[in-house]
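Please keep the sequence and the model at hand while reading.

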Amino acid sequence: MPVYDYEYFKGAVFELTQIDLNAYKEKQMKRRIDTLIGKNGITGYEKYIQLLKCNREKFDEFVNYLTINVSEFYRNPEQWELLDKEIFPELIRRFGKNLKIWSAACSTGDEPYSLVMALSKHLPLSQIKIIATDIDKQVIAKAKTGLYSEKSILSVPKELKAKYFTQIGPSYQISKEIKARVEFRQHNLLKDAFESNCDLIVCRNVLIYFTEEAKEEIFRKFYHSLKPGGSLFIGSTEQIINYKEMNYRRKNSFFYEHI
């Protein structure tokens with residue numbers, strides 16, 4: 001297919017969804033999209049755009065497919081241990097008990113709910129509030145339902161699993177008291193205004209799909225969203241190469257502090 005076809009497609013997608021495909025690694029994203037178009041038995045980007053415009057179900061399927069939703073509770077448990085033992089106590093000492101925490105690109109809710117449970121070891125639930133955002137309305141709806149597979153909750157500490165999950169058939173329902181501590185909002189990291197005065201921002205294993213330029217812009221915006229002394233928690237597949245230039249202090253591989 002000629003290059004201009006994909007250029008046209010990117011423009012049409014932006015008009016429809018406000019998702020800027022230019023910010024994603026092209027080869028990887030184009031391959032994903034071509035696969036989806038093939039699954040729908042369609043030839044060509046133009047016909048697929050027409051389908052998205054007139055079929056709400058296909059539109060939702062496309063947005064869900066486009067936004068990468070691989071998530072699990074307490075992903076990389078050793079990093080959560082560090083959060084529990086060092087980062088949370090330090091943030092509470094520094095900023096008090098009403099921490100402002102933003103879980104960005106939160107997917108199906110595993111991460112913000114993990115944050116509530118982890119923080120509940122340090123603070124009463126009534127004092128915990130997590131702002132959780134994602135571009136995809138479907139995953140936000142799933143997050144609000146709070147129903148997860150056994151695999152998804154594998155790394156949750158046993159005592160928290162017993163306390164906050166109820167088994168329903170093969171699935172596990174998270175408790176209402178944990179759900180009540182998270183406020184979900186739709187948000188596009190590439191175009192919407194960022195939160196401000198955050199004590200902790202968590203954005204993990206999402207930016208790997210973005211171009212270097214888009215990544216750098218988002219890390220800079222996160223910096224301005226943090227209070228001095230606040231921390232950014234990123235994924236094990238990511239790193240901020242020029243963190244010094246952005247005025248972050250690297251606490252370890254996955255935590256960066258606003259200085």
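The sections below begin with the basis of the values and then turn to the chain and its parts.

## Basis of the values

This is a predicted model, in which local features need pLDDT of at least 70 and side-chain atom pairs count only at pLDDT 80 or more, while totals for chains, interfaces and linings use all residues. Residues are numbered from 1 along each chain as its sequence is written, and side-chain values use heavy atoms, with hydrogens and water left out.

## The chain as a whole

The protein chain has 10 helices and 10 strands, where helices (H or I, at least four residues) and strands (E, at least two) are DSSP runs numbered from the N terminus. Its radius of gyration, taken over C-alpha atoms, is 19 Å, close to the 18 Å that the globule rule gives for 259 residues, so the chain is as compact as a globular protein of that length; the rule is 2.2 Å times the number of residues to the power 0.38. Along the principal axes, the C-alpha atoms fill a box of roughly 55 × 50 × 25 Å.

Buried residues make up 49% of the 259 residues, buried meaning under 20% relative accessible area with a 1.4 Å probe, protein chains only. Of the contacts (heavy atoms within 4.5 Å) with a separation of 6 or more, 73% are between residues 24 or more positions apart.

## Glutamine 79

Glutamine 79 lies in helix 5, residues 77-95, and is buried, with a relative accessible area of 2%. Its side chain is joined to that of arginine 204 by a polar contact of 2.6 Å, that is, a pair of N or O atoms within 3.5 Å, of which, within protein, one must be able to donate a hydrogen and the other to accept it, and residues adjacent in sequence count only if both atoms are side-chain atoms. Leaving aside neighbours within four places in sequence, glutamine 79 is in contact with Arg204, Phe233, Ile234, Ser236, Phe254 and Phe255.

## Two loop asparagines

Asparagine 76, in the loop between helix 4 and helix 5, has a phi near 60°, a positive value in a residue other than glycine. Asparagine 197 is placed in the loop between strand 6 (182-186) and strand 7 (198-203), and its phi, near 55°, is likewise positive in a residue other than glycine.

Technical notes
Buried means under 20% relative accessible area, exposed over 50%, partly exposed in between (1.4 Å probe, protein chains only).
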